[in-house]
Amino acid sequence: MDRWELRKILEERVLLLDGAYGTEFMKMGLEGGVPPEILNVEKPDMVLDLQRRYVISGADILITNTFGATPAKLEKHGLERSFDSIVRNAVRIARKASNEKALVFGDLGPTGELPEPIGKGNFDIFYENFRKVAEIMLEEGVDGFILETFSDILELKAAVFAIRDLSKDIFVIAHLTFDEKGRTLTGTDPKNFAVTFEDLDVDALGMNCTLGPEEMLPIFQELSRYTSKFLSVEPNAGMPQIVDGKTIYPVGPEEFADHVDSFWESGVNIIGGCCGTTPKHILLLRRNLGKRAPVERAPKKVIAVTSPSKLVDFEDFVVVGERINPSGRKKLWKAMLDEDIPAIDKEAKEQVEKGAEILDVNFGMERSISLDFAKKIVERLPYTSAPLSLDVQSVDLIEELMRVYPGRPLLNSSRALLREIEERVSILKKYGGILVVLAMEEHVPEDFDDRKKAIEKTLKILNDLDFDTNRIIIDPVVLSLGAGGKAYDTLKTIEYVKTLGLKTTLGLSNISFGLPNRSNYNTAFLIMALERGLDSAIMNPLDETLMKTLEASLVILGKKELPKKSLKTEDEILDTILSGKTEKLLEIVRGMIDSGAAPIEVVEKHLKPAMEEIGRLYDKGKIFLPQLIMASQTAIPSFEFLESKMAGQDGDKIFVIATVKGDVHDIGKNIVASVVKSSGYKVIDLGRDVPNEKVIEAVERYKPIALGLSAMMTTTVLRIGEIVRELKRRNLKVPVIVGGASLNEKLSKELGADFYARNATDVVRFLKELEGREGN
Amino acid sequence: MPRVIEIDPSVVKVPERVISARLGFKGVGKIPEEFKELFKIAWKEVKKASRPFALLEDKICDWNEYLEIEGFKLKSELVKRHLKDCEIITLMVVTLGKTIDEIIERAHESGDELLSYFLDGIASEFVEYAAREIEKILREEKTPMVGGARISPGYGDFPLEVNGWIIETLNGKEFGIRYHPESFILIPRKTITSVMGWRKSG
């Protein structure tokens with residue numbers, strides 16, 4: 001079956017992989033330390049027997065017994081001479097076992113070497129190993145490939161390229177293995193995996209081994225959020241335990257299969273088992289899976305670059321360190337010519353320590369630098385420092401470096417010229433990455449119009465090349481003031497690019513080239529550019545003034561928070577409420593009254609501000625909903641006590657709330673009522689399934705500051721519109737705040753509501769706004 | 001008359017991460033320490049108060065533009081996608097009964113909003129996992145037929161109004177299960193309806 005047919009099937013059906021091999025062979029008598037792959041030659045019937053049992057159990061896909069069959073791995077066991085027959089036999093045995101009831105996928109595992117600088121492997125070594133295995137498997141006619149249990153994205157990339165350079169028509173699944181914290185050995189998390197491999201020619205991404213289904217699920221869900229590829233998963237039968245000197249896997253077939261629904265809900269397309277799973281596990285997986293269509297997903301698009309352990313998202317402002325550039329730096333140039341890797345390392349680390357998130361790497365006169373050295377730098381720095389921006393001009397060099405880059409790089413840059421863009425896009429389509437495109441054509445732009453024209457041309461070229469504009473960043477071109485450059489044109493271009501929904505970056509230091517006191521110009525220009533929406537800058541992170549001003553500017557623009565405070569505060573009242581100490585709070589409040597404080601003062605200066613702060617903490621995700629509810633519950637008795645002391649005084653602000661007719665869900669409404677009450681308002685809760693007339697009567701009677709309506713279901717939201725119309729008809733002027741699972745901003749407006757509240761703290765915020773308006 | 005299956009509450013296992021997520025502890029994966037005691041109390045209450053049972057009936061599928069069951073059209077692309085090629089469907093309603101609703105309400109009326117919230121969240125997951133137990137029984141029983149996904153009205157474009165048809169078809173009223181005639185919300189509140197399709201294997 002070819003790739004395209006299989007993709008079509010996967011649109012409509014979730015498929016079942018087989019289970020473990022190593023642990024099953026050990027039960028069947030394979031001695032510890034002996035590689036299972038040798039069975040393909042010495043005991044093929046053992047392999048055939050196991051695979052037949054997987055087919056009988058319902059597996060749709062059998063994988064070949066070749067996990068450790070790369071030449072590098074076989075060499076460690078002295079089996080390199082049997083390499084060809086091990087791999088060939090593996091496919092033939094699996095094909096025989098499948099009996100045309102199951103597909104046969106060639107299984108490739110890692111070579112056992114980690115890449116430099118942490119190990120002794122490198123891209124070329126990995127590539128060669130996988131190419132040799134894949135070649136034989138393709139000759140023998142596998143239906144697809146599965147790359148299992150990889151810990152490093154460079155090695156996994158090499159495996160993908162090795163297969164794709166042999167065939168564009170074969171289905172490829174790429175798996176990493178994650179620990180409990182959701183990281184691989186070299187630090188990659190699922191979001192990074194998704195983003196890095198999104199650009200590559202792989203059909204499915206997934207994970208296997210290390211974890212049982214319960215531990216693997218949240219990590220799988222994270223991958224599912226960010227990738228548009230098909231999804232595949234093979235958990236272990238639990239976390240292995242040593243019992244009486246033997247390794248056992250505690251999750252039995254029934255419990256294992258119970259997880260099918262959870263993985264299915266999370267979007268899985270192919271599911272199987274890894275270490276510790278047996279034909280019985282697969283049989284029950286088959287039973288619980290049945291014949292299902294996969295759920296449809298809408299993964300989130302991310303504009304980011306990656307290295308093995310870091311993902312840099314352009315959602316936040318990104319500092320790209322400019323200093324690995326020998327232009328005007330004799331010492332650095334000499335270090336490059338001398339291939340002084342430690343010196344480059346030092347430059348890299350210094351910049352990262354001072355806040356650079358990406359490092360721009362420029363090799364100066366590229367022909368003077370050896371390819372080997374350039375590759376070493378590009379392979380090394382992402383592991384030791386940060387993701388890279390490859391500031392390289394020669395197309396051949398770009399391709400060589402992109403091929404070995406462990407992650408998803410920035411490629412800096414292309415002018416808005418057809419050939420330049422085409423060449424770079426072609427490389428990016430193969431190797432992944434984001435392209436920086438300059439807002440200039442052949443010549444330096446004279447003004448904003450030149451830049452605009454270049455950008456429009458770029459977008460047209462990219463459209464013709466079918467290249468996603470989420471994979472480009474525009475550089476609005478900064479020209480030196482000293483050379484007559486007009487900063488305003490660059491700033492205007494940034495604004496223009498923002499209207500297109502695209503990201504921007506620029507070479508900041510260009511503005512001050514040739515001028516004295518460069519830091520002053522760089523800093524001033526950065527602030528102006530930030531205000532216009534600049535997303536990133538290639539700049540000097542060692543300039544302390546520049547970096548501090550950047551931080552402050554981002555806070556002022558609301559793009560960054562002030563340094564975090566711990567939840568523990570110096571405010572006793574706030575702490576008491578957050579700790580849920582109802583009686584203690586009452587004690588404090590009574591104490592204040594006994595000391596002569598007016599009840600209204602205690603409410604306005606202490607309780608309300610505390611509840612506002614708690615609302616803010618909830619909005620920022622520092623506390624969860626149960627903590628918000630607990631805080632409200634804690635505060636309400638104190639509010640009620642103070643209210644009793646203020647009885648007879650004017651100024652009760654009343655809030656009427658109800659769940660509309662036909663709707664019996666009231667938990668959300670109850671939470672809102674509780675939170676609003678604990679913010680100092682009097683709440684008239686009409687309950688649930690409330691007829692329209694009763695709502696109207698309550699508004700007439702209580703004359704509330706606002707009316708809150710809750711509707712959970714699509715079948716009940718229309719009641720809101722009915723109530724709003726009736727209020728208007730009777731000339732009852734009361735703001736209406738609405739909320740509920742079926743509502744959103746747009747629908748709420750269509751129904752005539754004044755405010756749409758996503759949660760209880762939104763309601764309190766609207767009420768305060770209304771109070772503020774009344775006061776005016 | 002529908003088939004009735006009573007579910008032993010002790011066999012219904014809900015992973016803590018599921019309840020934690022339902023209760024709003026985003027990304028935590030478990031119930032935080034300061035809420036553990038309350039969680040244990042609420043969990044115990046839910047189990048004690050729940051009388052989970054299911055009503056089921058199999059129907060023959062009639063495929064035209066949409067799936068039709070005895071003349072009733074299930075107009076939904078979601079149904080088409082997940083029940084494609086099915087020859088039989090099982091209509092199902094699973095409920096925890098009304099006592100748990102009363103306990104949730106009582107907690108709210110006593111002012112313990114947090115307990116009410118915990119009871120409600122746990123009970124919502126409990127009925128879902130009770131439905132999964134029923135699903136497992138059916139998959140076992142119906143072998144060699146192969147089941148598809150279990151889907152419920154309210155998902156995607158599967159109209160909520162179908163709740164009414166399912167409850168009527170299964171005689172839900174005789175078992176204390178109703179639906180609101182305007183909103184099609186199910187009563188008792190911890191009740192879910194679903195359909196599952198069955199195909200020949202191969």
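**Close-up views of a two-chain model**

View 1. Lys703(A) is exposed, because its relative accessible area is 66% (exposed means over 50%, buried under 20% and partly exposed in between, with a 1.4 Å probe and protein chains only). The model is predicted: local features need pLDDT of at least 70, side-chain atom pairs count only at pLDDT 80 or more, and totals for chains, interfaces and linings use all residues. Residues are numbered from 1 along each chain as its sequence is written, chains are lettered from A and ligands numbered from 1 in the order in which they are written, and side-chain values use heavy atoms, with hydrogens and water left out. Lys703(A) sits in the loop from α28 (692-702) to β23 (706-710) of chain A. Helices (H or I, at least four residues) and strands (E, at least two) are DSSP runs, numbered from the N terminus. Lys703(A) is not a glycine, yet its phi is positive, at about 45 degrees.

**View 2. Asp244(A), a residue with positive phi.** Find the loop between β8 (241-243) and β9 (246-248) of chain A; Asp244(A) is there. Its phi is about 50 degrees, a positive value, although Asp244(A) is not a glycine. Is Asp244(A) buried or exposed? With a relative accessible area of 77%, Asp244(A) counts as exposed.

**View 3. Two cis peptide bonds in chain B.** One cis bond links Thr143(B) to Pro144(B), with omega at about 15 degrees. Pro144(B) belongs to the loop between α5 and β7 (146-151) of chain B. Another cis bond links Ile187(B) to Pro188(B), and here omega is about 5 degrees. Look for Pro188(B) in the loop between β9 (186-187) and β10 (191-199) of chain B.

**View 4. Helices α2(B) and α5(B) cross.** Helix α2 (residues 33-49) and helix α5 (residues 113-142), both of chain B, have axes that come within 9 Å and cross at roughly 55 degrees. The axes are lines fitted to C-alpha atoms, for helices over the stretch in contact, and angles run from 0 to 180 degrees between N-to-C directions. The angle therefore makes α2(B) oblique to α5(B). Angles under 35 degrees count as roughly parallel, over 145 as roughly antiparallel, 65 to 115 as roughly perpendicular and the rest as oblique. The crossing is right-handed (the near helix is turned clockwise from the far one by less than a right angle). From α2(B), the residues in contact include Phe35(B), Leu38(B), Phe39(B) and Trp43(B). From α5(B), they include Leu114(B), Phe118(B), Ile122(B) and Phe126(B). Contact means heavy atoms within 4.5 Å. The contact has 13 nonpolar, no polar and two charged residues. Ala, Val, Leu, Ile, Met, Phe, Trp, Tyr, Cys and Pro count as nonpolar, Asp, Glu, Lys and Arg as charged, and the others, Gly among them, as polar.

**View 5. Helices α24(A) and α26(A) pack together.** In chain A, helix α24 (residues 582-594) and helix α26 (residues 625-645) have axes 8 Å apart, at an angle of about 30 degrees. The pair is therefore roughly parallel. Their crossing is right-handed. Among the residues that meet are Leu585(A), Leu586(A) and Val589(A) of α24(A), and Ala635(A), Pro637(A) and Phe641(A) of α26(A). Eight residues of the contact are nonpolar, three are polar and one is charged.

**View 6. The largest nonpolar core.** A nonpolar core is a set of buried Ala, Val, Leu, Ile, Met, Phe, Trp, Tyr and Cys residues joined through side-chain atoms within 4.5 Å. In soluble globular proteins, nonpolar side chains tend to be buried together. How many residues does the largest core hold? It holds 170, and those touching the most other members are Leu147(A), Ile271(A), Phe317(A), Phe363(A), Leu526(A) and Met539(A). Helix α8 (residues 153-164) of chain A gives the largest share, nine residues. A second, separate core has 91 residues, including Leu625(A), Ile667(A), Ile705(A) and Leu119(B).

**View 7. Ala293(A), a buried loop residue.** The loop between α13 (279-289) and β11 (304-307) of chain A holds Ala293(A). Its relative accessible area is 3%, so Ala293(A) is buried. Leu10(A) is 283 residues away along the chain, but the two C-alpha atoms are separated by 8.1 Å. Beyond four places in sequence, Ala293(A) touches residues including Glu12(A), Val14(A), Arg81(B) and His82(B).

**View 8. Gly662(A) and its contacts.** Gly662(A) is in the loop between β21 (654-659) and α27 (667-677) of chain A. At 0% relative accessibility, Gly662(A) is buried. Apart from neighbours within four places in sequence, Gly662(A) contacts Asp689(A), Thr716(A), His180(B), Ser183(B) and Ile185(B).
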